[in-house]
Amino acid sequence: MNLLKFEKNYFKKKWTNRISVALVFPNYYELAMSNLGYLYVYQRLNTFSHIVCERVCLPKGNELPVSVESNRPLKDFDVILTSISFELDYPNLVKMLNLSGINPLAKERDEIVIAGGIALWLNPKPLYKFVDAFVLAEWEAIEEDFIKTLSNYFYSKELLLSKLNEYPYVWCPQLEYEKKVKVEKKYPLETPPLSYVLSEKTEFKNTYLVEVARGCGMGCRFCAAGYVYRPPRRYSKAKISEVFNTIPPGSKVGIIGFEFANKTEVISTCKRLLEKDCKLGFSSLRLDTVDPDFFELLKHTKSIAIAPETGSEKLKKVLNKDISEEKVLEVLKLLKKFGLKSVKLYFILGLPLEEKEDLEATIRFVKSLLSFKLGIKLAFSFSFLVPKPHTPFQWAKFLDVKELEEKKKFVLKGLKHDKNLRFENPKDALLQTLLIRGDEKIAELVLLLAKGIKLKRALRELNIPLKKYLSPEEDPEFEFPWDFINTWVSKEFLWKEWQRAKDLKLGIRCKPFECKACSACSQILVL
Ligand code: SF4
């Protein structure tokens, strides 16, 4: 399909005398076009006159992956770059290489595959065989060095990798497996990223996506983004206004990162977008940071997501997300008042210290929300805890799939199979956990999954010891496969937070540069 027919503001450049870069998104086009990080890198690369960058997404069937812009296969490009935000996409990358006739094993091929994205900051090990260089960094922080190195050495895989490997944020496993890698971040943030490429064929149709702050200082213990983007950072009001001014009147705009934004400044700047007849959307709302003025921004918004996570007072302390039922109700009433038609509420099951009483509390909470007849459509989505690397929950256990199925049944029964409930499949959560907590052995699993082999069979064939990945030892010194990545947050702090979680104690909230608790702010002070 010629997708360019449905797009605006894409780049179509001639290839002659330019370095050609395939920007691979290892999932479908619709998702790629809703990913600000991916679109931002696409735009930035194309601003360099000597580079032509084209997008390549996962094909729907087993066809040859080709670029959106000129239908070229991956083999035609000088360099393959990929951005991976989600661990379930690891096998998709290998599948795309296979479909392209490119040997997925890095040391046995000539093609160059360079990978970045937040999933890899958490743990790149399961892809160590397939990627030549992992670039663990925020794009803005490394653009200049990266482009310079790429431009000088793109013609030689050997030279390019050895030069990239000199940067502390790059891991070239075939060159220096034992390297300690430090994620590179941008400070201070300057211009907010805005995606200009618009498409009709995406979930957020023809929507400009823009980031107004990065990270979140609330410290929810399960949330990887809340840890690896530390310290939370803001853009200046002037820069946000400058970027908003480039958005044409009447546009749809998706605001990202509202949680840590300076609410007064961002709300007043957003109001100027409303004056230009723009329609605003928000990724999800952090209930305890919502300003009353905020609701006015929702006048064209039909639906929004909020995440109470649990109805249990005990588990709220374990999660460090203590939002009262009254607050949820108050916000729902305000959302109704301001014209929203539907709200999606997210919950997590399989949490540390979770008991039957906690599930009952969640059931009671959901029932009470339904009983209020708010006149707003409520949908409840239940997922299962994936204990992510670089969070305090990295020591938490992933429960047995059978146990998770039991929990699902219990909640379904308690809520009388209400039609507005959605549950993740526990097997998907298991796969996600294995991929994000994996090591070299899980790379073998990635290879089989990429060939279309089902998880159960692949686990049997490889004889994978599940316990090793799902039940870490309760030991602050326990060695995780991802310990070689420094995300700026100390392991000691994560362990303390894990102890506080088990003692049902709430954690601290960030006050950037006024505290040294997790050590992320100190990294900036030494820059
Ligand atoms: S040092 Fe303190 S303020 Fe800075 S990121 Fe860590 S917890 Fe937050």
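User: What makes Trp488, Val489, Ser490 and Phe493 contacts of Ser519?

Analyst: In this predicted model, neighbours within four places in sequence are left aside, and Trp488, Val489, Ser490 and Phe493 are then the residues in contact with Ser519. The test is that the C-beta atoms of two residues, placed from the backbone, lie within 7 Å.

User: Why is Ser519 called partly exposed, and where is its place in the chain?

Analyst: Ser519 has 17 C-beta neighbours inside 10 Å; a buried residue would need 20 or more and an exposed one 12 or fewer, so Ser519 counts as partly exposed. Its place is in the loop between helix H18 (491–502) and helix H19 (520–525). The C-alpha atoms of Ser519 and Lys239, 280 residues apart along the chain, are separated by 28 Å.

User: What makes helix H2 largely enclosed by the rest of the structure?

Analyst: Eight of the 11 residues of H2 are buried, so this helix is largely enclosed. The buried residues are Leu36, Tyr38, Leu39, Tyr40, Val41, Tyr42, Leu45 and Asn46, and the cut-off each one meets is 20 or more other C-beta atoms within 10 Å of its own.

User: How do you know that domain 1 touches domain 2, and which elements supply the touching side of domain 1?

Analyst: The contact count shows it, with 22 residues of domain 1 in contact with 29 residues of domain 2. On the side of domain 1 that touches domain 2, helix H3 (90–99), helix H4 (118–122) and strand E8 (181–182) each supply at least two residues, and H3 gives the most, with five. The residues of this side divide into 14 nonpolar, two polar and six charged. The C-alpha centres of the two domains lie 27 Å apart.

User: Which residues surround the ligand, and how do they divide by type?

Analyst: The ligand is surrounded by Gly217, Arg230, Pro231, Cys510, Lys511, Pro512, Cys515, Lys516, Ala517, Cys518, Ala520 and Cys521. This shell divides into eight nonpolar, one polar and three charged residues.

How values were computed:
Residues numbered from 1 in each chain as written. Predicted model: local features only at pLDDT ≥ 70, side-chain atom pairs only at ≥ 80, totals over all residues. Domains from an automatic or database assignment. Helix = DSSP H or I, 4+ residues; strand = E, 2+ residues; numbered from the N terminus. Nonpolar A, V, L, I, M, F, W, Y, C, P; charged D, E, K, R; others polar. Near = placed C-beta within 6 Å.
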